[in-house]
Amino acid sequence: MPHPVLDDVKERMDKTVRIFEKELATVRTGRASVTLLDSVRVECWGQLMPLNQVATVKTPDAATIIVQPWDRSQLSAVDRAIRVANLDLNPASDGALLRIPVPPLSQERRQQLARAIGQSAEKYRNAIRQVRRDANQQLKKLMKNKELSEDQEHDLEAEVQQATNEHIRGIADLAARKERSILSI
């Protein structure tokens, strides 16, 4: 029987995994991808805007990203934003658009990225565990207030633990896939 605490746990854990997935998409693998530029914010018209809201971003091949601002007067602002974003990318302008060659990663850089992914995965596993702790505290409070029996509390805690294990396994799988992708040449 579904319980509101259990529904909340699964929703929060799913959200944590989705955020981790999104973060992994921005990690460079040596291949050109428009998601590499998702974190870039461009100063234009007096405010910071995501790059994809001021330009068209596409990848014509595995080694190049093309960024074409909708307003040509914003080309230098887009160029500056990409350089400042600390992505190790150097755009080349032809007056209408930016061509960004994505250089292959060195073995040392691949290993640094793999370590960073491992650290990030641990941060998200801890977030999942925190959701579990919150849920278990809620269940104990409900039992103390006589809204749940001991058996119901025990069963719900087991379901929370099962959800925790599934989500932690999901994070580990995502991290391992991304690490393999980065470390393969």
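Here is a short chat about salt bridges and strand pairing in a predicted model.

Me: Before we start, what kind of model is this, and how are residues numbered?
Reply: The model is predicted, so local features need pLDDT of at least 70 and side-chain atom pairs count only at pLDDT 80 or more, while totals for chains, interfaces and linings use all residues. Residues are numbered from 1 along each chain as its sequence is written, and side-chain values use heavy atoms, with hydrogens and water left out.

Me: Thanks! How many salt bridges does a search of the whole structure find?
Reply: The search finds 7, where a salt bridge is a side-chain nitrogen of Lys or Arg within 4 Å of a carboxyl oxygen of Asp or Glu.

Me: What does R12 meet in a salt bridge?
Reply: R12 meets D8, at 3.8 Å from N to O. The two are 4 residues apart in helix 1 (residues 4–25), and so separated by about one helical turn. Helices (H or I, at least four residues) and strands (E, at least two) are DSSP runs, numbered from the N terminus.

Me: Which residues are linked with R12 in a network?
Reply: D8 and D134 are linked with R12 in a network of salt bridges.

Me: And how accessible are R12 and D8?
Reply: R12 has a relative accessible area of 30% and D8 has 29%, and each counts as partly exposed. Buried means under 20% relative accessible area, exposed over 50%, and partly exposed in between (1.4 Å probe, protein chains only).

Me: Now K140: where are K140 and its partner E153?
Reply: Their side chains meet in a salt bridge at 3.2 Å, N to O. The pair links distant parts of the chain, with K140 in helix 3 (residues 107–144) and E153 in helix 4 (residues 150–183), 13 residues apart.

Me: Is E153 buried or exposed?
Reply: E153 is buried, at 7% relative accessible area, whereas K140 is partly exposed at 45%.

Me: Changing topic: in what order do the strands of the open sheet come?
Reply: The order of the 4 strands is 3-4-6-5, with antiparallel pairing. Strand 3 (55–61) and strand 5 (92–93) are the edges, each pairing on one side only. Two strands pair if DSSP finds at least two bridges between them.

Me: How many bridges join strand 3 and strand 4?
Reply: Strand 3 and strand 4 (residues 64–69) pair over 5 bridges, and T56 stands opposite Q68 in strand 4.
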